[in-house]
Each structure stands twice: as structure tokens, then as C-alpha cells.
Amino acid sequence: EVILLASVNSSTRTGSSLSLLSAKTGIGGLASGMDIDELVYNLTSTSRNKILKQQQNVQRLEWKQTAYRSVTSALKEFQSKYLDVLSETNFRSAAFFKTVSASSSSDKVKVSATASASAGSFVINSVTQLATYQTVSSTAAATKPLEGTKSVDDILAGITDGTGLRAGNSFRMSVDGKIKTITLGESFFTGLDETNFVDRLQGLVDSAFGSGRVSVGDSGSGLTLSAEGSTITMYYNGEVMVGLEALGFQGGQSSRLSTSSSLDSLPFAKDLEAGDTFTFKINSANPITVNRTDSLASVINKINSSGAGVKISYSSITDSFTMTATESGAGNNINIEDIDGNLMAALGLTSESTSAPAVTAGKNAILKVNNQTIIRSSNTIDIDGVEVTISDVPETPVTITMTDDTTDLMDSIKKFVEDYNAMAELVNGLTKEDVHRDYQPLSDEQKDEMSESEIKSWEDKAKSGILRGDNILRSISSKFHSVMTGLSVNSTSLYSMGITSAGYGENGKLQIDETKLKQALETKSTEIKELFTSENGLSKKLNDIITGATKTSGPKGTRGTLVEAAGVASTMSDTENSIYEQIKRSNKSILTLQEKLEDEETRLWKRFTAMETALQRLNSQSSILTQFSSGS
């Protein structure tokens, strides 16, 4: 008798090999000369056969699960390609069924046909003006001037009494990210007084960055540094602070705002009011609240992502903030109000700022199309189903031409049918496979005696027909067939497009009459679009069928039919499906049967051991009697 062992899933493996279950607890056949191993093995054959049947059942269940999952994968792949809103070939989208292409006679006018476009043409006679966006910009510098806290007289006094600046002191200065070290040598101090101090410091700065780049001045209360359109930042020379602080400056002091710094550390030209938070409102969006310790960059990001319909930016070149409406066109599209604190005023964007902001009104686009004046708020306009985007004012009239082109859509429909046929072939083919009952799962011992090709050939036959006549697959196939051959929308069906059943023996596949399909696309493009994209259309029905079979979301009992039966790897359903439960029950039964087999083997071995022991005792007594008899 051949014992066949099933290979079970790692998550449910029993871990025992049938051929190792031999409870040898005695001495076999030394006295009787019998093959005890063979006797025990044969006497337990009924128990072994029970285990065998369960192990074979586990293997068949695993093959069945794999087959189900292959169908699930195929259905989901088809759904992702043709029925997903993010797919480039989404047959549920009306835009996908456009058969008209548009072209423009000017590169200043870009065009794209939508699904509602039809063949023809129109002329943009002229463009009077383009639509623009409203802006609000600060008019005064947002940052305080870069100024020290010591006057020239204060600096000179420190030099005189030895408590301040002296020869050899140095500091570092950055202009637009380029850092130079400036050292005050002995010559700087020779004949130094209030009349030449600024000029001498200017000379050192010019030597470092070039003449005219940075201007050194004296406000009367402190030294000033400025560079038009550039950012100046002061730094200590390493850990040495004396030189910079003796001039009245601090490390990190800058002529521009740093977006990475917190609001409370920035040198706004208009001081921020006290308080831990600032609240402001832009347009009709909800008020925005920021913390005093938030960075300027985070505040900008919070405004831009708030849904207020604006984008704000800071220019270090002009040292100003600009808020731009995200919608173009005339009208008051930006309203700014400080509710708690004065942050918007400090940015120079309200009437309470140091100086009133500059407001540039948005404009509407004005153009003539076929001699009819059109006014729109955007430079992107829909005209007769064509999306027209004007990037610049054209010098001459522009002709927009729409022409029929069904080539791309026809190719897409042919590919759709090809992929549908592959899916239908898989589903229907599994339900009609031949069953080879003489081929059972192979044990590891049997596989060791066979080549890889022999193993594959054997297991292909053993797996064949695992889902023959399966009700789940037959239900899916029936639903597909009903939709693809029976659905009609406004008297238009696949049949009227030249797409028909390939015949009873073709496993539910379709065939295409390309001449009829081409003619239908050229004459009934709108009807075909409705057939596929309407609420009760073919794409929606197909998507519902596939979702009803492959849905993995939701609790157990609410998922797709294939998923409830076999699950999907890497989801909760992997261990929450009916096949998994059947495998668990079979493996539990296998463990119970193996324990009984071991007990049965142990009992038989004990009996045979007792028999061998008795025979040995009789043989020993017989030998003694024989010796006595010989001695007499």
C-alpha cells in the first residue's frame, strides 16, 4: 500500500510526517524471527489511511484556494486597468470616449477636445486682454534696517578706555550666503576719529565684497549696513564675540527675514503685539491661528494650504510679502483681517501696516469668438466642448479645428475585449477542467524518486478539475455573460457595435467585427459613450460584479464571494475564509488521528515485546533442560 503525504500551508502545517510515526518501544523479532515492524505497520493500516485521507484533503483545499485566488487576482487586474477612476483607460469615464481631436493655428492658444466636442471649427478673432490674478503686496520693507546699538562716539570711547574695539578684532559678514571674515588691523586704528571711522569700515567691507555692494552708514544712534536686493547677515568669528559686539551688532542679526526662524525672533519693521498666538481671517475661510513660536515658513504653509483661495510668498530681494488670489478675474478676491494680534499688519498686508499695501486688481479675459465678444474670469475657456487655454495675446485670428478620430478608441476597445476574453477563459476554463481521479498528491518520498518534469506533469493532472462545476465561478461567469451579451442602453449594445459571443464552446469569450465597430464609432459615438459610462451602463455593471467577488474591505461576511471562500494574501481575509477554516479542522483531525496511531502502535509493540520476552524465557528454560539431559 502506498502512503501519500499532503503538503500543507505553513500557517496550518501539522509538522508530523506519517512515515515517522512508528512507536518502537520493544525488541523486534529476536526470539520469534518475525518482522515486528512490518506486522505493526500492517495492523495500523486502517488508522494510517484515515490520516492519509485528511492530508490529501488539506492539499486539495490548498490547491482550491490557490485557484480561487488566481481568479481574484485576474478580476482585480482587469478592474484596475479598465474600471478604476485613476486608470488612463478608465471605461467608466465619459472623457475616455472622446473621438474628436482639436488643433490650433497658434502656439499661443492651446486646445484639448473634451468628450462633448464634435467635428467642426471656430475662430478666435481677437483677444483684447488676458485674465489676471488680484494681488496684495507690502509697500514698505518688512524687516527693520540692519543697525547696531552703539553710535560712532560710543565705539570710539570704548577704543580709548580699552574696554571696546581693538586691533586684531574680527567678525564675519554674509552677503547672499557668501561669508567673509573682516579683521580690523593696526592701520585701521591709526589716526581714527569720528570723521573717518565709517569710511575706514566701508573700505574693509569693500575689500571683502567689492566696491558698492554694501553701504556702511551712521544713523546717529548706531552703525547701519544695507545692500539693495541682497541679504546681509552678521556672525561672530567662531566663539569670539568681542569684535562684532564692540561695533554694536549681535550674531545672526540680518537685513532680511529668515523663513526658518520663529515669529518672535524675527526683526519685523512693525513690532509684533504681545501674546502667545495670532489669529487672522482671509476671505470667507475659517480663521487661522498660529503660535508666536511658529516659524515664518510654517505660517506661510498654513495660509497656502488653508483653502482661503490665496497663496502668500516672501521675497528677500524686495523684502516684501505678496498675497495672490488663486482664482483669476475681476472682483475683490482677497480680504485680509487681523482678529487677534497684528501679524498680517506686520507682514504689510492690511491698512494698519506701516504703509498701506499695494492692491492690484484682477482682470477678466476679453476675446471675440466668431465675432461674438466673450468675457471670462479665466484664460482657460470651454468653447463647444473644446478646452481653450490662451497663454498670450495672438497677433492674428486663430482657427480651432475639431476632427473625428476613432483610431485610438477603437484600439482601446479591441484591447478591452482581448483582456475580457482572457479573464472569461480563466473563469470558465476552471469550471470545465477534466478530473483525473487516479492522480493523488505526491508524498516527499515519491517526489524524491521523480524528476522535476515528472512531478510537474503528475501534479498538473492532480490539480486539474479542482474547481470543476464550481458554483461561485459559474455565478460570476453567468453575470458577465448576461451583461456583455444582454445589456442595452438607449437601444445600443455591444451587439450593435459588432461585438458578439464567440460561441458556446469558447468559454464565454467575445469576438469583434472590426468593420461594424469602426462604423459604429463614427456614427454613434455618443450612444456608445452612454452604453459604457451611464449609471446603468456596462462599465458600472462589470465593476459591481467584480467588486461583489473580490471586495476585501469590511468585516467577515460582507466581503466578496471569492474572498469569503479563499481570502487574499496580506489582508485580514487571509485567515478569515471558509477554506482556511476547513484546513484548520482537517489539521486538527490529523493531529488527533496521529495521537491515536501512536497509542495504537505503542500497544502493539508492548504486546509483541511481551511475546518476545516470553519466547526468550522459554528458549532459556529449554536450553537448561537440554543441558541437564545431556549431563545425565
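Analyst: Happy to! A crossing counts as left-handed if the near helix is turned anticlockwise from the far one by less than a right angle, and as right-handed if clockwise. By that rule, α9 passes α13 in a right-handed crossing. Helices here are DSSP runs (H or I, at least four residues), strands are E runs of at least two, and both are numbered from the N terminus. This is a predicted model, in which local features need pLDDT of at least 70, side-chain atom pairs count only at pLDDT 80 or more, and totals for chains, interfaces and linings use all residues. Residues are numbered from 1 along each chain as its sequence is written, and side-chain values use heavy atoms, with hydrogens and water left out.

User: Why are α9 and α13 called oblique to each other?

Analyst: Angles under 35 degrees count as roughly parallel, over 145 as roughly antiparallel, 65 to 115 as roughly perpendicular and the rest as oblique. Helix α9 (residues 407–432) and helix α13 (residues 514–523) pack at about 130°, with axes 10 Å apart. The pair is therefore oblique. Axes are lines fitted to C-alpha atoms, for helices over the stretch in contact, and angles run from 0 to 180 degrees between N-to-C directions.

User: Which residues of α9 and α13 meet?

Analyst: Contact means heavy atoms within 4.5 Å. Leu409, Met410, Ile413 and Lys414 in α9 meet Glu514, Leu517, Lys518 and Leu521 in α13. By class, this contact has five nonpolar, no polar and three charged residues.

User: What is the handedness of the crossing of α9 and α12?

Analyst: That crossing is left-handed. Here the angle is about 145° and the axes are 9 Å apart. Among the α9 residues that meet α12 are Phe416, Tyr420 and Met423, and the α12 side includes Leu473, Phe480 and Met484. The contact of α9 with α12 has eight nonpolar, four polar and one charged residues.

User: What makes a set of residues a nonpolar core?

Analyst: The residues must be buried Ala, Val, Leu, Ile, Met, Phe, Trp, Tyr or Cys, joined through side-chain atoms within 4.5 Å; buried means under 20% relative accessible area (1.4 Å probe, protein chains only). The largest such core has 54 residues, and Leu75, Phe416, Met497 and Phe532 have the most contacts inside it. The largest share, ten residues, comes from α9.

User: What does Met497 touch?

Analyst: Leaving out residues up to four places away in sequence, its contacts include Ile413, Leu517, Ile528 and Phe532.

Note on methods
Nonpolar A, V, L, I, M, F, W, Y, C, P; charged D, E, K, R; others polar. Buried < 20%, exposed > 50% of the residue type's maximum accessible area, 1.4 Å probe, protein only.
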